[in-house]
Amino acid sequence: MRVNGTLMNYYFHCRRQCYLMGNRLNLEDNSEIVQIGKALHEEKAQKENTEIAIENIKLDKLTAEYLTEIKKSDADEEAAKWQLLYYLKVLKDKGIHRKGRLEFVEKNKSGKKTIVLELTEEAEERLIKYIAEIEELIAGDIIPPALRKNSCKKCAYYEYCYI
């Protein structure tokens, strides 16, 4: 499987989840939390008709200045940042240069949190390294251990890892 934004996100969030998804074990279709996130994306896409598919990635919104990625929660901001930087690199490789915007739409908050990112030379070098690490992880025979964190209880892979 080719590296994509989801795998980049999972690499930072949970290497076990990255490995399993990268080896085509997708348990997310049964997850209520994942379904809520997809519903938010679909609702936004219907209103604005902005989602764009390029090769093996889907971009939430692309304007003349920004590539915007929308997330349901800022629970794993670092993972979301690297996913967006990955998308910016894919665009850059196609000759499209943009800044990135992460929009977190919290269900219990009145406003939304927004972070602006730029693909720096340093970030691009790190992305190349991370892509190679993800490819190596997925090609390997060893499944990373479960993290055993409280956040695992909300994960689509919880039953696989713990039951």
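Asp74 sits in the loop that joins strand 4 (66-71) to helix 4 (77-93); helices (H or I, at least four residues) and strands (E, at least two) are DSSP runs, numbered from the N terminus. This is a predicted model, in which local features need pLDDT of at least 70, side-chain atom pairs count only at pLDDT 80 or more, and totals for chains, interfaces and linings use all residues. Residues are numbered from 1 along each chain as its sequence is written, and side-chain values use heavy atoms, with hydrogens and water left out.

**Asp74 and its contacts**

- Asp74 is partly exposed, with a relative accessible area of 21%; buried means under 20%, exposed over 50%, and partly exposed in between (1.4 Å probe, protein chains only).
- The side chain of Asp74 makes a polar contact with the side chain of Lys113, at 3.2 Å.
- A polar contact is a pair of N or O atoms within 3.5 Å; within protein, one must be able to donate a hydrogen and the other to accept it, and residues adjacent in sequence count only if both atoms are side-chain atoms.
- Asp74 and Lys112 are 38 residues apart in sequence, and their C-alpha atoms are 10.0 Å apart in space.

- Four strands make up an open sheet in the order 3-4-5-6, with mixed pairing; two strands pair if DSSP finds at least two bridges between them.
- Strand 3 (61-62) and strand 6 stand at the edges with a single partner strand each, so one side of each has no neighbour in the sheet.
- Strand 4 pairs with strand 5 (residues 99-104) in the parallel sense over six bridges.
- From strand 4 the chain passes through helix 4 to strand 5, a β-α-β crossover that is right-handed; that is, with the strands pointing away from the viewer, the path from the first strand over the helix to the second runs clockwise.
- Opposite Glu69 stands Leu102 in strand 5, and opposite Lys71 stands Phe104 in strand 5.
- Strand 5 and strand 6 (residues 113-117) pair in the antiparallel sense over five bridges, and Arg101 has Val116 of strand 6 as its bridge partner.

**Positive phi values in loops**

- Glu55 is found between strand 1 (52-54) and strand 2 (57-59), in the loop.
- Phi of Glu55 is near 50°, a positive value in a residue other than glycine, and Glu55 is exposed, with a relative accessible area of 53%.
- Arg148 lies in the loop between helix 5 (121-139) and helix 6.
- Phi of Arg148 is near 60°, also positive in a residue other than glycine, and Arg148 is exposed at a relative accessible area of 65%.

**Cavities**

- A search of the whole structure finds two cavities of 30 Å³ or more; a cavity is a set of points on a 1 Å grid over the protein atoms alone where a 1.4 Å probe fits but cannot get out, and lining residues have an atom within 4 Å of a point.
- The largest cavity has a volume of about 110 Å³, a volume being the space filled by probe spheres set on the points, which are joined across faces, edges and corners.
- The lining of the largest cavity has 13 residues, of which Cys14, Gln17, Leu147, Cys152 and Cys155 lie nearest its centre.
- Helix 2 (15-22) and helix 6 (158-162) each supply at least two residues of this lining.

Technical notes: 1 Å grid on protein atoms, 1.4 Å probe; cavity = no way out; pocket = protein on both sides within 12 Å on 5 of 7 lines; lining within 4 Å.
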